[in-house]
Amino acid sequence: MPTNLLDLDAAGLTEFFASIGEKPFRAKQVLRWLHRFGEGDFDAMTDIAKALRVKLQGEACIAPPSLLSDKKSEDGTRKFLFDVGGGNAIETVFIPEEDRGTLCISTQAGCALDCAFCSTGKQGFNRNLSVAEIIGQLWQANKALGFDPKGERIISNVVLMGMGEPLANYDNLLPALRLMLDDNAYGLSRRRVTVSTSGIVPAMDRLSRDCPVALAVSLHAPTDALRDRLVPINRKYPLADLMAACRRYLPAAPRDFVTFEYIMLDGINDHDADARELLRLTREVPCKFNLIPFNPFPQSGFRRSGAERVRRFAEILMAAGVVTTTRRTRGDDIDAACGQLAGQVLDRSSRTARSRKSMSIVEIAS
Ligand code: SAH
Ligand code: SF4
């Protein structure tokens, strides 16, 4: 099997070239071709001797996930659907703003964590994405957006907030993050790369040691009783542990605060008392809040909090001096908003075996 070079960060490429009897500086050359210039054809790598190019054609390949569709929202948001084989497809979203362009990347086909309000979670889990499939989303999006290696960056920020839990796919996330930061590849600053996690505490500690980037934590509830229901991983890593992990993360982090994401669910977690409880909970964690109006999807069973409720909730947090923003919903006309990413996932967890059973009963009944 040829080695897919998109699976390798700088260290991996250096090892690969050593393994085929080539000098380490080749790794840097090829890294630049692949990621800085987005080159997908060995023959175009003109400063590499013909003989080595022929060798590479035999031993290696450049295989990003293939683009299935590219939809454009009225507000300029773009949603890309990529085939990752075996009947699975994943989604990537580009969100243009005046001062930046943000790419929202997926890390798993589905998600095993089953948060109550998340459409990815509802689909179940198939598998982790490979490094090539994670970084390949950036590689492909750059191409689709018409990037010019010498011109201005179209994608200035990356958020790992698409389908899946990034920290549950740590081993593949890490080389992908390193490529995003590598000056010979995408050269993004650590502040402009954000990992969003539902709170896998041990992996947060690893990330702070291995590759500290900006951190967003999906909080969604001020108490363990409620968070256990909304974000089931809380049963394993409850709020006290999560807050302690946030504090441990910050000294190494490129920003001096954690962003807490908080989905606003009508009548569930959006009372004034919840906001006050949040302030108590996060008292010792330098943080900002990002309130996310819930984006509905079929059979979610939740409603979005009203605009006035969200405003009042934000007001309570801000009155206590905590910077609070409310996420503007983007791309919902093409189902590209937070929590609407579904792609296509052939679930392999026991969860769908259960719901499939009940589905077939319904089918029989009808
Ligand atoms: N697994 C990671 C990253 C992907 S989810 C995490 O949970 O943080 C990215 C963000 O979208 C999370 O904050 C998540 O809570 C939010 N989200 C999920 N479902 C949503 C929905 N239906 N409406 C709005 N936001 C949602
Ligand atoms: Fe997974 Fe994040 Fe969705 Fe929870 S919110 S199910 S962790 S993708």
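**Exercise 1. Work out which residues of H11 are buried and which way they face.**

Start with the list: Val310, Phe313, Ala314, Ile316 and Leu317 of H11 are buried, with buried meaning under 20% relative accessible area, exposed over 50% and partly exposed in between (1.4 Å probe, protein chains only). These residues sit on the same side of H11, because they cover an arc of only 155° around the axis; the arc is that of the directions from the helix axis to the C-beta atoms.

A quick word on the model: it is predicted, so local features need pLDDT of at least 70, side-chain atom pairs count only at pLDDT 80 or more, and totals for chains, interfaces and linings use all residues. Residues are numbered from 1 along each chain as its sequence is written, chains are lettered from A and ligands numbered from 1 in the order in which they are written, and side-chain values use heavy atoms, with hydrogens and water left out.

As for partners, the buried residues of H11 pack against E12, helix H10 (272-281), E13 and strand E14 (324-326), where contact means heavy atoms within 4.5 Å. Helices (H or I, at least four residues) and strands (E, at least two) are DSSP runs, numbered from the N terminus.

**Exercise 2. Check the span of H11.**

H11 covers residues 307-319, which makes 13 residues. The expected span is 1.5 Å times one less than the number of residues. That should give 18 Å, and the end C-alpha atoms are 18 Å apart, so the two agree.

**Exercise 3. Describe the largest cavity.**

The volume is about 510 Å³. On a 1 Å grid over the protein atoms alone, a cavity is a set of points where a 1.4 Å probe fits but cannot get out, and lining residues have an atom within 4 Å of a point. Grid points are joined across faces, edges and corners, and a volume is the space filled by probe spheres set on the points.

Next, the lining of the largest cavity: of its 30 residues, Phe117, Cys118, Met161, Gly162 and Ser218 are the closest to the centre. Strands E10 (193-197), E12 (258-264) and E13 (287-293) each supply at least two lining residues.

Last, sort the lining by class: 16 residues are nonpolar, ten polar and four charged. Here Ala, Val, Leu, Ile, Met, Phe, Trp, Tyr, Cys and Pro count as nonpolar, Asp, Glu, Lys and Arg as charged, and the others, Gly among them, as polar.

Methods. 1 Å grid on protein atoms, 1.4 Å probe; cavity = no way out; pocket = protein on both sides within 12 Å on 5 of 7 lines; lining within 4 Å.
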